[in-house]
Amino acid sequence: MKKAIVLGADNGYLNKLETTIKSVCTHNRNLKFYIFNDNLPSEWFQVMNRRLKVIDSEIVNVKISNHQLEGYHLPSAYLSYATFFKYFIADFVVEEEALYLNSDIVVTHSLDELFQEELGDYWIAGVRDYFVKGYENRFNSGMMLINVSKWRQENLSAKLIELTNKHHQEVFGDQGILNMVFGENWKKLDRKYNFMVGLDSLIHIAVEATPEALSSWYNSALPDDVLPYIIHYTGEKPWLHMSQNRYRDIWWFYQGLDCSDILLRKERVFQTYQDLTVIPKAYTAIFTNSCELEQVEYLIENLPDVHFSILAHTWVASNIIDLMRYPNVTVYQQYNRFSYDKVMKKLDFYLDINYHDEIDDITNVVMNMRKPVFSFSNTNHCNEGAQVFSPTDPDKMVQEIRKYID
Ligand SMILES: [Mn+2]
């Protein structure tokens, strides 16, 4: 039997929806997608159906245009009324169980194991929201393995609409209502089935921001050895240019895959996002609290095979953001621990070229890693150990860096 997968979306989310579908199809076949919507074009369904046939799969257009969902209060700006489409699952899905996925999710693994979970009398199987105190008993409604027969028998959609009419102002959207109805009667799954990264950039607001609390959350939020099977980009979305949540590159990997690569199961040339892009020859970084960086554009343009990461504790000025017009630049404003670790793990050399103070004792950290530091005489923060150049002769620095990386 085909695995039923339910997604809901509005037209503005079409390319996100496709990314989720492509990720599922990369690791699974024999699928039946139900797409709940009120404005997706029929042509899209025809094209998708033709493509999906190759992997014994199909897509169903569940059109629900007569609804009052748009009138419901949403707890945050990045949510769409489409999130309420999941209420109607049992009215349209004919299978006994179905996997519901938000469109800000990618699947990185076979779903066989998940579909083998016994649902018994549970309403759903899911993963609890957040990894911090106070949320232990609530599930996140972005991924649910749904007991469709039970939902149908109990005429759940009518119940949910009634409750939402009453409570939508005071609860956390559909998730609040579903938790209200299901109470404790949901099966807890391992978090690898709905690995949420929204707190990566919000944790300093969500918990008391002492260094101890942050570092204990950081350790508890790391995945357990394996890449999570289902990654959920709660909070900041990976398709926004400055968002910092983890696994951005994984979303972009699936976004960048050709349908034919997936469907025809071509010899997989592409395994990671890096395969789809240019792999840098070396990685460097600049930590700064100032928007003045000596000769930065000269260095970026003359070292096109070096990837530059610019990190700041603060919001950054527009002249720094605009450096992202170069493909070899990433800017992290208000950088978090995950970004710091990601950058430092790859670092080949450091550029001490920022004006004003040094932050995070960074040149010492880099020297302790036994990586070279390149400085200009007017920005040098090191007493010794750095290779210092004149700001009027940046080419000399470029040549020395070339010698080091070539
Ligand atoms: Mn979501």
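Strand β2 (residues 31-37) is mostly covered, with 7 of its 7 residues buried (20 or more other C-beta atoms within 10 Å of the residue's own, C-beta atoms being placed from the backbone). This is a predicted model, in which local features need pLDDT of at least 70 and side-chain atom pairs count only at pLDDT 80 or more, while totals for chains, interfaces and linings use all residues. Residues are numbered from 1 along each chain as its sequence is written. Strands are DSSP runs (E, at least two residues), as are helices (H or I, at least four), numbered from the N terminus.

- Strand β1 (residues 3-8) pairs with β2 in the parallel sense over 6 bridges (pairing requires at least two DSSP bridges), and isoleucine 5 stands opposite phenylalanine 33.
- β2 is also joined to strand β3 (residues 58-63) by 6 bridges, in parallel, with phenylalanine 36 opposite valine 62.

**The six-stranded sheet**

- An open sheet of 6 strands has the order β13-β12-β11-β14-β15-β16, with parallel pairing.
- β13 (329-333) and β16 (387-389) stand at the edges with a single partner strand each, so one side of each lacks a neighbour in the sheet.
- Strand β12 (residues 306-312) is joined to β13 by 5 bridges, and leucine 311 has tyrosine 332 of β13 as its bridge partner.

How values were computed. A residue is buried if 20 or more other C-beta atoms lie within 10 Å of its own, exposed if 12 or fewer, and partly exposed in between; C-beta atoms are placed from the backbone.
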